[in-house]
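Read it with the sequence and structure at hand.

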Amino acid sequence: MSARENNAPQAPGVPGTGEPTIEEPTAPRQPLPPKPDQGAPERVTPTGAPTDAPMSAMAQQGEYLTTAHGARLTNSDQSLKAGARGPVLLQDHHFREKISHFDHERIPERVVHARGAGAHGTFRGYGSATKLSRAGLFAKDKETPVFVRFSTVLGSRGSGDLARDTRGFATKFYTDEGTWDLVGNNIPVFFIQDAIKFPDVIHAGKPHPDREIPQAQSAHDTFWDFVSLHTEAQHHTIWNMSDRGIPRSFRTMEGFGVHTFRLVAADGSTVLVKFHWKPRLGVHSVAWEEAQLINGADPDFHRRDLADAIEAGAFPQWELGVQVFEDNEEQSFQGIDLLDPTKIVPEELVPVQPVGLMTLDRNPSNYFAETEQVAFNPNNLVPGIDVTNDPLLQGRLFSYLDTQITRLGGPNWNQLPINRPHAAVNDMLRDGYHQSAVHSGVAPYRPNSLDGGNPFETPESEHAFVDYPAPVAESVKERARPQSFDDHFSQVRMFWLSLSEVEREHTAQAYAFELGKCWDETIRTRQLRHLFAIDPALGHAVAQGLGLPDQEPTVPPAQDVQPSPALSQVGSTWPVDGRQVGILVGPDTDTEQLTTLVSRINAADMVPLVIAPQGGEVAPGVVAHRTLLTARSIEFDAVVVATAGAPAHQVAAGMDAKAGAPSPGDVDPRVSLLVNEMWRHAKAIVAVGPGATALQTLQIAQTPGVVAADSAEDALSTVTELLGSHRVWERFPTTGMLA
């Protein structure tokens, strides 16, 4: 009996709403509904008018196969031929339509952020920002639909999720005053200060143009050649080399607007702000070896995690917050130029003020129609939110609009269902590829009298967007940057000093790994000089890893730099919603204890995943979600070992290479591999019943974060406590080199 049949807790990932049959179904029926966790774009017209159409109205219709023009078909398995063995006839309109459409199913992928995942949700305002901005979405308890797309930057659409890379964090707010796109990253700074350098940094980070390798990574010569010569990139680079570059989940990432924006209040007063997304689950990462295993064993790890969490009801949440600054003539704060996208303002100096809560609660029902075709644009602003003169932001205002025209086939990309505004649209824009609005009238121009003067310009009192009349200093046209942009190292040192010793060791390891992949020693040496400018201990640790001598720093390390504790990911405790707990079972597992454990983990808003030697039912109402063949440690945040792990009799190395590895005592090599990987990656390991024997045999019992529990309830309590800190980093004493 399956988990679906007996209503037992089941692992996320159900492929559909139907119960498949062994034989091909033959009785005609209407299309199945989407899964309960799935949503779709709101049913609005291309011009923003709401409709009463159900979600199913946007999907395929009817019980019978048809052509694209609605003619029913009797056969879609054979081409129309001159006899059963004759040539295919040119008149086969169905073949031509089917193949021609298939040949054009792909669109150009994004140049950057090609690899992504998305979800629908809602933003609820707290009301705390109403004094700062007249934007309606910030009103108390105002709910605004959103769509969020997370992404990696460098890799192609088919690359792995756990590349060491920056992650995109783009949010589309469908407000009743127009669409607002907050297009940010999980890192608050960027590699460059001026958008004119954007092609350079991306060309450097992308695969080498001669061999088209390496894919989705920065561990190669061209990237390090660029960032070591273009020193304004050093701040973003150290964030990438830290654990922030390999997040555990999209659900455990911070998001940042990167730039400084201007908020305009109802009375016309203004402030400058930086936007922050704070995850309710905390900010967490994986270990580097773990990231590499993930990219091989489950390259869809982040996509799957987000979709599974929503399906399981563990809806991800983030608070949107702002750092608020005086809108002064210098547009700076305590010597930090707020227009420099390579700088942050420490939260200890300017705390983040929460202004609303975002909850993602619906998965897309169609990846291409929603996640692939969604188009973000920093130009999409609403009354009360405006831009500043940040030169990187100014360039993005052009680039994002320009790129959609090619990628989405013309100027009407905003009429695709996922991009349609939820506000009335009367823009006088007409025709073009893929025009789906059916405009009326004869006078799409202003002024006119033939259409009664419509559309009319909006009075400011009617929620019009008004460009803020920011003063422009008397100057000359020149290609130059302000002197306040010249410091490229003091904030890099601040970030380094803000990390815990564990995080510093991970960061030094990342530099040594990435530079060790560079062929050219000159490039390694050049970057080492910058690392000595950041901190001599960092430079020395990386030089040792590369087998190179210590270097003279590019500039002397900055003095009197104060750490920002908010930048460290280590030291707090967090909710465990949606965490995945593996349960290793075998013939010796107490089935009553197992049933209790599965039920209690599920009730604690975590996901229990039972791992058995083979598939099928392992206890009354409990089926194996994974087998020792299909499971790998990277799936689990913690593991409960409920078996001594004796080797399964039916498996030989020829059926599973993992089973042929040496293993201590009488423990299945695959159990040994899974548990030892989790131990190396500082994950929680709890034994219950005969599992204590396995941990003794594997010689990891009584090490930090490895606990033998007396009961299923004790096991759950221990797992929950350990997972609150994410990882058991104290399992591995630090070297003291980077203290």
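Ala, Val, Leu, Ile, Met, Phe, Trp, Tyr, Cys and Pro count here as nonpolar; Asp, Glu, Lys and Arg count as charged; the others, Gly among them, count as polar. The model is predicted: local features need pLDDT of at least 70, side-chain atom pairs count only at pLDDT 80 or more, and totals for chains, interfaces and linings use all residues. Residues are numbered from 1 along each chain as its sequence is written, and side-chain values use heavy atoms, without hydrogens or water.

**Overall search**
- The whole structure holds twelve cavities of 30 Å³ or more.
- A cavity is a set of points on a 1 Å grid over the protein atoms alone where a 1.4 Å probe fits but cannot get out; lining residues have an atom within 4 Å of a point.
- Volume is the space filled by probe spheres set on the points, which are joined across faces, edges and corners.

**Largest cavity**
- Domain 1 (116-194 + 244-419) and domain 2 (490-567) each give at least three lining residues; the bounds come from an automatic or database domain assignment.

**Second largest cavity**
- The second largest cavity has a volume of about 110 Å³.
- Its lining has 14 residues, with Val-153, Leu-154, Asp-165, Phe-191 and Ile-202 the closest to its centre.
- Seven of the lining residues are nonpolar, six polar and one charged.

Conventions:
1 Å grid on protein atoms, 1.4 Å probe; cavity = no way out; pocket = protein on both sides within 12 Å on 5 of 7 lines; lining within 4 Å.
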